[in-house]
Every structure is written in structure tokens, then in C-alpha cells.
Amino acid sequence: MTIIQLWIEKHLKYIFTLPSVLFVLIMIVFPVGYTAYLSFFDWSMSSVSPPKWVFLDNFKKIFFDDPRFWPAFFRTFYFTILAVVTQTVLGVAIALLFFRKFKGSNLVKTLFLLPMVSTPVAIGLVWLLIFEPSIGFANQFLGYFGIDPQLWIASPKQALPAIAMVDTWQWTPMITLITLAGLSQLPNENYEAAAVDGANAWQIFWKITLPLMAPTIFAAVLLRSIDAVKHFDLIYAMTQGGPGYATETLNIYGFANGFQYFKLGYTSAILMVFFMIVLIMSCLILIFRKKTEVTL
């Protein structure tokens, strides 16, 4: 064997993983690194002036001088908590219902999963018509029960919960699908022992099913939380951050700074803060999951 062949055989594991490493560096590490680099500049596309090095001035402005950042921050997490908690409760409950065999169960499961595969922008446009205050189906439906018409997304107080409701309609099937997969892997021995001991349905769920399903549910919550906290397309399609700034989350605010005000340096700083928020949130959820597994 030649020297080259010997070297290749010795470093074969690195050669096989090199394409994946290069892909990650090009598609993830470089954009994040370049965004971090731009965050230290004052660069506006609406000006002919070259980028100006300002170091941490953009971050100081974000945290201390920007009247729209902190409201957008709290709206982001309000939307995330409201949507993910609702989706988790409904998703687990529906999964427990679907796990039981009944006539037409496969058809019902298929129809239930359809919202998850729909395009968010198309969903947003359809729900715009449903929430239309004058002729929308939502107010007509409420009228059957004698409830006064609502403004829905035209109201600063109702807009974000209304969008969270649409997001719940679309993504609850995902929680259900993950939970169903976890339920199918549970051992039957524990349930047989509980039945022999005379445990009722609630005791079986609380003492057996829920502890065994906790890792699966946490995985679903982690995926949905990361997706919800950076939600953009549905909110932009329905309200574009309005009315006023009532639905302006960090993603929407970053988009407005970048593509409406053309403040590329400041937008990069916002995105880096947003990136760190998502990273910290993911780590906290994983730590909480490990502690919960140890407790269980």
C-alpha cells in the first residue's frame, strides 16, 4: 500500500464525516458568524455611507434605548407559552383518545393531521376571512350562542391570542403524533399489574402513563417551543405585527428593521440576541427534562 492509501485508511472516519462538517460550517456556522460580525457595525442600506464600527452600541441600544424591543420580547414568550401549553394539553388528550381502537380511527387520524401539512401563509389567509368582524364565520358561530361579535385580530388585546389559537389548530396534531408514537412503545406489564391491583383509569394515567411518557412529551414541547418562539410566517400573513404593535414579536421586529428600515447592523444585533434567547431556552428545557427524569 502507498503512503496515501495508508493515510486514507488511518483517517477514514474523518474523511467520511468531512462532507457533513463542511455542510454545517457553510450553512450554519458561517451565516451565524457573519451575522455576529455585522452586529458590531452601524450599517444602513438607505445610506451611501460605508459600515461604521460601533462595537457594542447596537446591543446597548437594544437593551436600554429601544422602546419596541422589550414589548416584542414579552409578546414572543406570551405567544409561545400560550400556544405550546394549549397544544400540549390538547395533543396529549387527543393522543390518549386516538390510542383506543374505534371504527374509522385511521380515517379520523389522517383528517386530523391535515392542518399540520398545510402552508402557514395559506392558513393565515383563510383564518383572516374566518376572523373578519362583519361576515366572518367566527362571529356567525358565536352568534348562534348569543355571544356578541368580536374584533379578533383587529383588536390589540385579542389579536395575539387569536393567532395562538390558529397556531394551536395547526400544530396540535404534531404533539398528538409524537405522543401516539410514544404510547405505542409503552410496555404492557405495568398496566397488567395495575389492573390486578385494582387501579382506576385516573390512577393508571397519573402513576404509569404520564411518568413513562414524560421524556416523549418533553421532546415534543422542546420542538414546539423552539418553533413557536421564532414563529414568523403565520403572524406576518395575518397581521404583519399589527394592529399597532400588538402582535410584533422579535422575529417580526427584526424583519421590520431589516427589510423596512434597512438597518442591517442593528437587525443583526437583534437576531444575535434572539439566537441567544432560543439557545438558552433550549438548554433550560433540556436541563429541566433531565432533572425530571431523575426525579421520576
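Colleague: Is W53 buried, exposed or partly exposed?
Modeller: In this predicted model, W53 has a relative accessible area of 48%. Buried would need under 20%, and exposed would need over 50%. The value for W53 lies in between, so the residue counts as partly exposed.

Colleague: How many aromatic pairs does the structure hold, and what kind do F41 and W53 form?
Modeller: There are 28 aromatic pairs in the structure.

Colleague: Where in the chain do F41 and W53 lie, and how many residues apart are they?
Modeller: F41 belongs to strand β1 (residues 41–42), while W53 belongs to strand β2 (residues 52–53). Their pair therefore links distant parts of the chain, with the two residues separated by a count of twelve.

Colleague: Is F41 buried or exposed?
Modeller: Its relative accessibility is 11%. The cut-off for buried is under 20%, so F41 is buried.

Colleague: What kind of aromatic pair do W70 and F73 form?
Modeller: Here the ring centres lie 5.3 Å apart, and the angle between the planes is 75°. Because that angle is over 60 degrees, the pair is edge-to-face.

Colleague: Which helix holds W70 and F73?
Modeller: The two residues are three apart, so about one helical turn separates them. They sit in residues 69–98, which is helix α4.

Colleague: How far is the charged end of K61 from the centre of the ring of Y266?
Modeller: A charge over a ring has to be within 6 Å of the ring centre. The charged end of K61 does sit over the ring of Y266, and its distance from the centre is 4.8 Å.

Colleague: How far apart are the C-alpha atoms of L6 and F69?
Modeller: L6 is in helix α1 (residues 3–10) and is partly exposed, at 46% relative accessible area. Along the chain, L6 and F69 are 63 residues apart. Their C-alpha atoms are separated by 57 Å.

Methods. Residues are numbered from 1 along each chain as its sequence is written. This is a predicted model: local features need pLDDT of at least 70, side-chain atom pairs count only at pLDDT 80 or more; totals for chains, interfaces and linings use all residues. Side-chain values use heavy atoms; hydrogens and water are left out. Helices (H or I, at least four residues) and strands (E, at least two) are DSSP runs, numbered from the N terminus. Buried means under 20% relative accessible area, exposed over 50%, partly exposed in between (1.4 Å probe, protein chains only). Rings of Phe, Tyr and Trp (its six-membered ring) pair if their centres lie within 6.5 Å; planes under 30 degrees apart count as stacked, over 60 as edge-to-face and the rest as tilted. A charge sits over a ring if NZ of Lys or CZ of Arg is within 6 Å of the ring centre and within 35 degrees of the ring normal.
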